[in-house]
Amino acid sequence: MSKDYAIVGKRLAGLDEKDKVLGNVIFADDFTMPGLLHARVFRATKASARLKRLDVGKARALPGVACVLTAADVPYNESVKNVVGQTTEVGLLEAKHQVLVRERVRYWGEPIALVAAESPSVARDALRLIEVEYEDLPGVFDPLEAMKPSAPKIHGNNNVIASWKLRKGDVEKGFAEAEVIVEHEYRTPRQEHAPIEPESGVAWIDDMGVVNIRYAAQVIEHYRDVATVLGLPESRVRVIGTLIGGGFGGKEDVTVEVFLALLAWKTGRPVKLTYTREEMGYGRHKRHPYILRYKTGARKDGTLVALEAEVISDAGAYVYLSPWVLIYSTVHSTGPYLIPNVKVDAYSVLTNNIYTSAFRGFGGMQMAVAYEAQMDELAARLGMDPLAMRRKNFLKTGDVTASHEEITSQVRLEECARAAMEALGEKSRPASSRKKVGRGFACCWQSYGRMTFLHDTSSCWVNLEMDGSAVVRTGIPDLGGGQRESIRAVAAEVLGLKLDEVHVISTDSQVTPLSGTVTATRALYMSGNAARLAAESVRRIIAEQAAEMLGAPPEAIELRDKTAFSAKDPGRKLPLTEVIKRCLFRGTVPQSLNTFKAPFTEAITSDIIQAPIFPDFTFGAQAAEVEVDTETGEVKVLKWATAYDVGKAVNLNRVEGQMEGGAAQGLGFGLMEDYLEQDGLPLTWNLHDYLIPTSRDVPDIKCIVLESESGKGPFGAKGIAEPAIGAAGPAVVSAISNAIGVRIRHLPATPERVFFALQGKEGKG
Amino acid sequence: MVKTELYPLALTVNGRPVSARIAAETTLLDFLRDQGFIEVKRGCDKGDCGACTVIMDGKAILSCITLALQAEGSRILTVKSLGSWERLHPLQQAFVDYEALQCGFCTPGMLLAAKALLDHNPHPTREEIREAISGNLCRCTGYQKIVDAVEAVAKGAYR
């Protein structure tokens, strides 16, 4: 079934990369305009309070200040989004958030006022002149406390803003059949995305009265949210997306765009706003911390019989995408295993902590911490090899999951896990007697493509120029993962062109067809399919014209090296340019606009998830070797391997890049990253307190790319961006456990936690 | 308002003389970006991330925690000093070939950290490469392909 492609599947490096190594890319903050104003955000320094007094008079009077805005100046201060799919049984149905604090402060760092000034230093000085008085209100910072009826309410009457369940079989009966049961609680950290590029953009009003916002956007469709807040028609707001300096979900929710538009609208001048690194900490969402209570039972032969779990996520002070993230958690909570009896109850709870929302893995990856640790422990209790135990339970093609998803693509988990472990090679020897070496692996599954009840579509336009080169227009933003380059590769492959003969114009809400968000591991799947459809339509136009000119059937026409020829008789050929000219002469323009539609399903009507929600899943495994210093608790990662079935690697370089980057970000999640708050007060708001992996923390990573060509993307590709992080955290935990005989259940596995875990063990022994 | 006192500053950037009168607290990063050298990136402004790395008199430094006045008379190199579209610097070519980047935001600083390393130690081990770039954070790649690319140059693959 595997086919030879001219471009797809190769290591494609060139155009995008060259501009980046030359320093030519004009990132969001690099852009400027004549008369540019510089903006800053004034933020709350209380986690739960009433705003008693706000006085911006002195700030407004400061020479060089063009404008200071408060909630009173915002036409529609409440940005409201229906969270599709939430049931009516629980809490709020709408992800309300206020653009600027009107009265109540719900988290430390919540925006209160906006300043625009002639220079960055005047804007900064103006912040200091804003006077504010608070009345403290009781806050709640622990999601378990927040679930109690007596807890202070963040919004409305119920802090539980989402609840989803899995129900399959009879867990009581299942546990009765179990010969071994393990039951544990796990906790996962509040991870910060920490892209190296801060959120940033420039907004201006053009000479047609349209609000233009050029910013680092994962979702250019936010022009709609901006229009809502300003009370403008959506057609009067345009988003021009930049090449993004990393996002990982951090630039998926609204960041600078609404503030920029408000300031440009009020002043009539171009305005730039770039978050400080600290502001990225306290001013923008994080990954949901989870409490995971898992009880898993198996038979003596390793067959799983029952899973009962309670899953609680800390949503922070605003709803944002928490109900959706929790759907992912619920569906993925079983792991990639077929379990006959399942009962999962998942809750997302508001607190006065920083709000949490999208982050690579989107509620699915946290579950792997629990389901993989449980598998390891069951295997240990049964005296089984952990892979042999898993093999008995892996999902297979055609299986139906506990949430009634049928697995339609291939599942190569055993091959992935074996390949990853083998890639670690010979086991390292400890550097000294106080150090212990261990290794472990973990498997994971992660959906790709948005939830099908969202009725996702993606559009793309392709045109052949008279010289045979192609122009592609696609709305998809490039997050840094090479999304634009993949579109180029798909179009070039279909049209028989070289990469540099295809120009891709991307990410402009009024110029490029909307292709949807660069989120949910959907870019290649959705926009790649759209590009393929559009390029194939253009190809058909050319083939029909060439067939007529060559006297061959259209289906026999092939395009290669700007030549159209008959596959049956390659001697019969024409320059592509001749065919295009003939098309144009006859009024048949070789262009096409096509829309790819994901499978559509009905909205969820029950809080029990019992219908397909995802287009497909990616499966993979990662393996780690660590050395633990038993005196200090320090963990050094010695070796790493990651193996995923990516369906088809459209660009092998970029696929490996996702896998290696996902491994490193997951290593950080497992070992060091935690955005700490004390009663809502942020403690780790810069990169010397919030540590992310450096080149010395990450070892050499071996990448094993499997290609089943069974995915739903172009050429059988699956998505890899989010799956790539999933198995990393649990793999490193497994390796630590293998080294020291103690399992760390509260991530990250910092030296302190490892040290005290060792003490506890020795104490008990 | 207190009148800000301005001080003269003269240095060369990528071989070109640049001079201005600046406030004493102006960082080298602010100065360079104000002068149009926007290839020098601001990631944290605290000396933590390395995105603002430039080479000053042969040494890789963090321009966000260097006062511009400290650079008086110095020779500054940004990533634009390395190569051109037609003729990439060996490190740039290796970064392209090895896909030693994704979003590209840390890349200018990363390339300069690597160049400063190879200028002083033309044949580093992988450990030495990892050490030399450990002040340059990359959130996309996991560093694997960056280390591979620098090592390839060090081993003479791009001579």
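Okay, one definition to get going: when I say strand, I mean a DSSP run of E that covers at least two residues, and the numbering goes from the N terminus. Also, please keep in mind that this is a predicted model.

With that, let's start at one residue, Lys639 of chain A. Lys639(A) sits in strand β27 of chain A, which covers residues 635-645. Is Lys639(A) buried or exposed? The cut-off for buried is 20 or more other C-beta atoms within 10 Å. Lys639(A) has 22 C-beta neighbours inside 10 Å, so it counts as buried. And who are its contacts? Leaving out anything up to four places away in sequence, Lys639(A) touches Leu424(A), Ala624(A), Glu625(A) and Pro699(A). Glu627(A) is 12 residues away from Lys639(A) along the chain, and their C-alpha atoms are 9.7 Å apart.

Now over to a sheet in chain A. You'll find 5 strands there, making an open sheet with mixed pairing, and the order is β9-β17-β16-β15-β10. The edges are β9 (160-168) and β10 (180-187) of chain A, each of them pairing on one side only. From one strand to the next, the twist averages 5°. As a quick reminder, strands of a sheet pair through backbone hydrogen bonds, either parallel or antiparallel. For β9(A) and β17(A), residues 341-350, it's antiparallel, with 8 bridges joining the two. If you want one pair to click on, take Ala162(A), whose bridge partner in β17(A) is Ser348(A).

Helices pack here too. Helix α9 of chain A, residues 322-332, packs on the sheet and touches β9, β16 (304-316) and β17 of chain A. The direction of α9(A) makes about 20° with that of β9(A). Then there's helix α10 of chain A, residues 364-382, which lies across β10 and β15 (290-298) of chain A and runs at about 150° to β10(A).

Staying in chain A, have a look at helices α14 (523-550) and α15 (576-585). Their axes come within 9 Å and cross at roughly 100°. Angles of 65 to 115 degrees count as roughly perpendicular, so that's what we call α14(A) relative to α15(A). On the α14(A) side, the residues are Ile541(A), Ile542(A), Gln545(A), Ala546(A) and Met549(A), and they meet Val579(A), Arg582(A) and Cys583(A) in α15(A). By class, this contact has 6 nonpolar residues, 1 polar and 1 charged.

On to chain B, which is divided into domain 1 (6-80) and domain 2 (82-154). Taken over C-alpha atoms, their centres are 21 Å apart. Domain 1 of chain B puts 16 residues into the contact and domain 2 of chain B puts in 14. On the domain 1 side, the elements giving two or more residues are β3 (53-56) and β4 (59-62) of chain B.

Last stop, the place where the two chains meet. How many residues of chain B are in contact with chain A? It's 44, against 42 residues of chain A. On the chain B side, α2 (90-97), α3 (107-120), α4 (126-132) and α5 (144-154) each supply at least two residues. The largest share, 4 residues, comes from α2(B). And by class, the chain B side splits into 22 nonpolar, 10 polar and 12 charged residues.

Key: Residues numbered from 1 in each chain as written. Chains lettered and ligands numbered in written order. Predicted model: local features only at pLDDT ≥ 70, side-chain atom pairs only at ≥ 80, totals over all residues. Buried ≥ 20, exposed ≤ 12 C-beta atoms within 10 Å, placed from the backbone. Contact = placed C-beta atoms within 7 Å. Nonpolar A, V, L, I, M, F, W, Y, C, P; charged D, E, K, R; others polar. Pairing = 2+ DSSP bridges. Axes fitted to C-alpha atoms, helices over the stretch in contact; angles between N-to-C directions. Parallel < 35°, antiparallel > 145°, perpendicular 65-115°, else oblique. Domains from an automatic or database assignment.
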